[in-house]
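Here is a brisk report on one protein model.

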Amino acid sequence: MYSVLCTLASPRQIVICQDTFGICNFAVSTGISIRQWGDKVEKEVLTLENVHKTISGRKIIKGISFSIKEGEVLGFLGPNGAGKSTTLRMIVGLSRPSSGKIEICGHSIVKDYVKAMSNVGSIIEGPDLYGYMSGMDNLEMLAAMDRNVTKKDILDAVKLVDMEKHIKDKVNTYSLGMKQRMGLAQAIMKHPKLLILDEPTNGLDPAGINELRNLIKKLSKEEKISVLISSHLIAEIELICDKVSIIKDGSILKNASVDELINTNEVFWQLSDNEKACKILKEQWGISAEIRNGKIEAVIDDEEIIDEINSCFIKEGLKVKFVDIKHKNLEDLFLNITEGK
């Protein structure tokens with residue numbers, strides 16, 4: 001287990017990187033990347049472009065790209081062994097990419113590591129806390145390593161994660177959910193631009209998951225913190241995130257907004273000539289379809305064109321025997337994309 005707590009201070013920024021042995025490193029930095037699109041200015045907090053990682057001659061990560069803008073929450077999804085943990089390790093500087101670009105607030109993680117990491121707060125595989133100390137003692141010990149962290153910064157973080165009633169209790173009396181909130185307090189004491197959470201809901205009961213979900217939404221919407229979440233709980237990702245990146249075998253299969261994905265429909269047809277219908281779908285609308293168990297299956301983003309497609313089938317002399325529309329959730333789409341179901 002390890003955690004990397006990299007935080008932001010103003011006007012000077014200090015990065016604190018803590019491993020399981022409690023060894024810490026410090027650095028000073030500032031900066032943020034701004035991209036202009038017409039009249040709209042968007043701040044890109046995290047950017048990955050064509051990132052590769054090779055270990056012992058084996059290609060683990062194969063040219064992945066995605067980005068997160070200010071205040072966005074991105075869900076990083078993939079089956080076990082897909083490359084999620086390797087990617088997170090590269091983003092927080094625990095592993096060096098073989099090639100490609102990783103930038104945080106416009107700073108290269110390779111060429112300008114200190115400045116890049118000064119904008120990051122992260123919890124990888126759970127928070128590191130000393131059980132024999134109180135929650136407040138843990139925070140104050142970490143804050144003492146940075147002269148720019150004030151008592152108010154600590155109290156604000158405690159209030160934000162709703163730990164005021166228990167902050168003086170020893171950590172070994174905390175529930176798992178309380179420890180997760182303490183880990184978040186550690187990560188946000190210095191107001192990071194980017195928060196990275198690896199499986200933050202592991203071991204939490206439904207109430208704890210709901211509390212964490214609400215807290216992440218509050219951090220993104222009210223504090224304008226960008227959040228990258230790696231999780232196996234796809235239903236939670238659908239409720240929390242603005243967009244998702246789906247990875248499999250080291251490659252990104254899909255980058256899309258959650259709204260775009262869940263507005264996708266799976267349509268089933270049974271016609272007098274399914275082969276001809278598939279050809280029409282491809283030629284007229286560019287829709288790829290498959291025939292399974294005597295029915296055509298196709299994924300269609302715009303539900304409004306389904307009536308138009310049916311009319312076209314009839315015009316082409318096809319008899320429509322059966323039509324069914326299934327509105328897909330994120331889990332359905334994840335399985336379709338990663339397993340071809």
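## Terms and basis

Buried means under 20% relative accessible area, exposed means over 50%, and partly exposed lies in between (1.4 Å probe, protein chains only). By that scale, Met 141 is partly exposed, because its relative accessibility is 31%.

This is a predicted model: local features need pLDDT of at least 70, side-chain atom pairs count only at pLDDT 80 or more, and totals for chains, interfaces and linings use all residues. Residues are numbered from 1 along each chain as its sequence is written, and side-chain values use heavy atoms, with hydrogens and water left out.

## Overall picture

The protein has 11 helices and 17 strands. Both are DSSP runs, numbered from the N terminus: helices are H or I with at least four residues, strands are E with at least two. Of the 341 residues, 50% are buried.

Contact means heavy atoms within 4.5 Å. Take the contacts with a separation of 6 or more: 68% of them join residues 24 or more positions apart. The accessible surface is about 16500 Å², and carbon and sulfur atoms hold 48% of it. These areas come from the Shrake-Rupley method with a 1.4 Å probe; for residues, only the protein chains shown count as cover.

## A buried threonine

Which loop holds Thr 201? Thr 201 sits between strand E10 (194–198) and helix H6 (206–221). Thr 201 counts as buried because its relative accessible area is 7%. Setting aside residues up to four places away in sequence, Thr 201 touches Gln 180, Ile 209, Leu 212, Ser 231 and Leu 233.

## Phe 322 and its partners

Phe 322 belongs to strand E17 (residues 320–327). With 31% relative accessibility, Phe 322 is partly exposed. Its contacts, apart from neighbours within four places in sequence, are Phe 268, Trp 269, Gln 270 and Lys 295.

Phe 322 and Gln 270 are 52 residues apart along the chain, yet their C-alpha atoms are separated by 4.9 Å.

## Salt bridges

How many salt bridges does a search of the whole structure find? The count is 12. A salt bridge is a side-chain nitrogen of Lys or Arg within 4 Å of a carboxyl oxygen of Asp or Glu.

Glu 49 and Lys 101 form another, at 3.5 Å from N to O. Glu 49 lies in strand E4 and Lys 101 in strand E7 (residues 99–104), so the bridge ties together parts 52 residues apart in sequence. Glu 49 is partly exposed at 34% relative accessibility, and Lys 101 is partly exposed with a relative accessible area of 29%. Lys 101 also pairs with Glu 103, where the closest N and O atoms are 4.0 Å apart.

## Surface patches

Patches are made of residues with over 30% relative accessible area and no salt bridge; like charges are joined within 9 Å, and nonpolar side chains (Val, Leu, Ile, Met, Phe, Trp, Tyr) within 5 Å. Lys and Arg count as positive, Asp and Glu as negative; His and the chain ends are not counted. A charge is placed at NZ of Lys, CZ of Arg, CG of Asp or CD of Glu. A negative patch gathers Glu 260, Asp 301, Asp 302, Glu 303, Glu 304 and Asp 307 on the surface. Glu 303 lies in the loop between strand E16 (295–300) and helix H10 (305–315). Glu 303 is partly exposed, with a relative accessible area of 38%.

Which residues make the nonpolar surface patch of about 300 Å²? Tyr 130, Tyr 132 and Met 141 make it. Met 141 is placed in helix H3 (residues 135–143). Not counting residues up to four places away in sequence, Met 141 touches Tyr 130 and Met 133.
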